[in-house]
Amino acid sequence: MRKDIIVETATHETRIAILEDDHLVELLVERPENERIVGNICKGTVLAVMPSIQAAFIDIGMEKAAFLHASDVSGSSDWVDFDDDDDNQDSGSRRRREKERLIQDMVKDGQEILVQITKEPIGTKGSRVTAQMSLPGRFLVLVPNENYVGVSRRIDDWSEKRRLRDLARSIKSDNIGVIVRTAALGKSDTEFKNDLKMLTQLWEKIDKQAKKTPAPAVIHKDMEITSGMIRDLFTPDIDSVIIDSKDIYQETLSYLKSVAPKLRSRVHLYDGTTPIFDAYGIENEIEKALHRKVWLKHGGYIVIDPTEALVTIDVNSGRYAGGHGHEETAFHTNMEACGEIARQMRLRDVGGIIVIDFIDMDERNHRKRVCQELDNALKRDRSRTRMSKELSEFGLIEMTRQRIRPSLLFSFTEACPVCDGTGRIMSRMTLVTQIGRWMKRARSSLREKHLKLKVHPSVALCLYENEDEKLTALKDEYRIQLDIEEDPFFHVEEFRVFSVKQNLDITDEYKS
């Protein structure tokens with residue numbers, strides 16, 4: 001499989017696209033007003049300790065307080081493989097003891113604490129933070145105040161895994177933990193030592209700065225998006241990195257010269273006149289990713305709907321005509337949907353709880369193969385995913401995907417000011433009926449018989465479309481003279497009633 005990284009720079013934003021076989025699978029975006037903050041280290045003050053949810057809220061100088069769970073106070077090793085570390089045989093019991101510790105025993109109100117952001121603010125929630133720092137380098141991740149060696153789970157070769165573990169253990173001191181990254185495959189002790197030396201010096205600088213800086217404050221900012229991409233994503237399995245900025249191109253070559261000189265030949269400067277995202281067909285893919293419906297190659301489609309609690313993905317056969325009967329059509333559509341669902345989740349950066357509604361299938365073998373196909377498609381995802389082992393009796397797969405930042409939909413769009421994000425608004429006839437109910441409530445006590453009704457132009461049009469049945473009916477039934485005024489700035493669902501004689505808004509006096 002060919003993998004390419006395309007970098008587009010502009011004054012107001014930087015965008016990085018990751019392509020697999022010329023298909024867009026991931027999009028990273030950074031804007032000046034919305035800089036990436038995951039990885040930043042902050043000094044904060046504990047605002048409140050909440051034993052009921054085993055968490056604390058930390059003031060780190062942002063609009064919303066950060067969320068610190070008890071499991072994150074002593075660190076978490078979810079993405080590190082300790083199983084091959086013979087000297088850490090008690091790590092399981094150590095982590096069990098950490099999980100039993102209570103938040104109220106670890107932090108106190110008003111306490112100053114150093115934390116690192118692990119998840120950006122999403123919706124009404126503030127950032128999520130951890131009290132266990134980690135500093136990523138090219139080949140290693142430094143974990144201060146720990147004493148272990150971990151190896152990335154993405155390294156499958158057990159002999160190489162053991163070699164890297166032994167190498168990392170031989171160069172580290174007792175007061176730090178070290179995690180070997182995937183990019184370390186085949187690397188020597190010299191490269192490990194250089195990486196560890198740089199990370200150790202960085203931590204000493206951060207520690208020194210934290211001691212003399214009052215909270216709340218940002219103590220350390222992680223690399224900006226392009227440098228972070230080169231550090232974290234540009235591994236030997238990437239075929240090319242194409243950049244449209246000469247400055248960033250030169251910076252990338254300079255960085256790689258010291259850490260991965262063999263990869264420099266894969267970095268190219270784009271000098272075309274067409275915008276780089278247009279040249280590679282990425283702009284069209286981004287536009288499609290903002291739509292609910294995604295068409296599949298053979299006529300089926302999937303519909304992706306985010307809600308506040310979860311994301312639902314519905315698979316439909318659509319115009320698919322390749323199967324012989326319902327079972328074959330359902331099976332082939334579901335199989336084709338698996339790869340596209342995995343790609344769309346990565347591209348849209350969908351996170352949290354996800355429920356996938358596949359087309360019903362009766363054959364057990366078909367149901368099993370669809371689960372396996374989806375599981376295989378998810379293995380290319382850098383974010384952690386967990387899915388149910390089999391289709392439920394209703395044809396559903398339940399899964400979770402690691403959420404770090406707001407999804408593409410929320411980064412590129414905002415809630416519709418008319419429907420407030422529901423996708424539906426009150427029909428004009430329903431609003432006309434509501435206006436009639438208002439008249440009925442006001443009739444008994446309203447002495448004024450000359451009123452002005454102010455509405456959106458589309459509602460006014462509805463009243464005028466069939467005057468005998470609507471507008472005239474309102475006038476005759478309630479024995480009033482009714483003037484219609486159109487206001488394009490009104491919400492479609494809004495109406496206001498004014499007394500002409502008093503020039504006074506009387507709408508709220510007779511609301512239900």
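Reader: What makes helix α12 the element that gives the most to the lining of the largest cavity?

Author: Helix α12 (residues 428-443) supplies four lining residues. A run counts as a helix if DSSP assigns H or I over at least four residues, and as a strand if DSSP assigns E over at least two, with numbering from the N terminus. The model is a predicted one, in which local features need pLDDT of at least 70 and side-chain atom pairs count only at pLDDT 80 or more, while totals for chains, interfaces and linings use all residues. Residues are numbered from 1 along each chain as its sequence is written, and side-chain values use heavy atoms, with hydrogens and water left out.

Reader: Why is this space called a cavity, and which residues line the largest cavity?

Author: On a 1 Å grid over the protein atoms alone, a cavity is a set of points where a 1.4 Å probe fits but cannot get out, whereas a pocket is an open set with protein on both sides within 12 Å along at least five of seven lines; a lining residue has an atom within 4 Å of a point. W438, M439, A442, R443, L446, E448, K449, L451, Y478 and I480 therefore count as its lining. The volume is about 60 Å³, taken as the space filled by probe spheres set on points joined across faces, edges and corners.

Reader: What is the make-up of that lining by class?

Author: The lining of the largest cavity has seven nonpolar, no polar and three charged residues. Ala, Val, Leu, Ile, Met, Phe, Trp, Tyr, Cys and Pro count as nonpolar, Asp, Glu, Lys and Arg as charged, and the others, Gly among them, as polar.

Reader: What is known of the second largest pocket, and which element gives the most to its lining?

Author: The second largest pocket holds about 600 Å³ of space. Its lining comprises 25 residues, of which H23, E336, G339, E340 and R343 lie nearest the centre. Helix α9 gives the most, with eight residues. By class, the lining of this pocket has eight nonpolar, five polar and twelve charged residues.

Reader: How do you know where the model is least confident?

Author: The predictor's confidence in each residue is pLDDT, from 0 to 100. The protein averages 85, yet strand β7 (residues 80-81) has the lowest mean, 36. Over residues 75-99, pLDDT stays under 50.

Reader: Which residues of α5 meet which residues of α6?

Author: T226, I230 and R231 in α5 meet I248, T252, Y255 and L256 in α6, contact meaning heavy atoms within 4.5 Å. The two helices pack at an angle of about 35 degrees, with their axes 11 Å apart. Axes are lines fitted to C-alpha atoms over the stretch in contact, and angles run from 0 to 180 degrees between N-to-C directions.

Reader: Where is the cis peptide bond?

Author: The peptide bond from A215 to P216 is cis, with omega near -5 degrees. P216 lies in the loop between α4 (189-212) and β14 (217-220).
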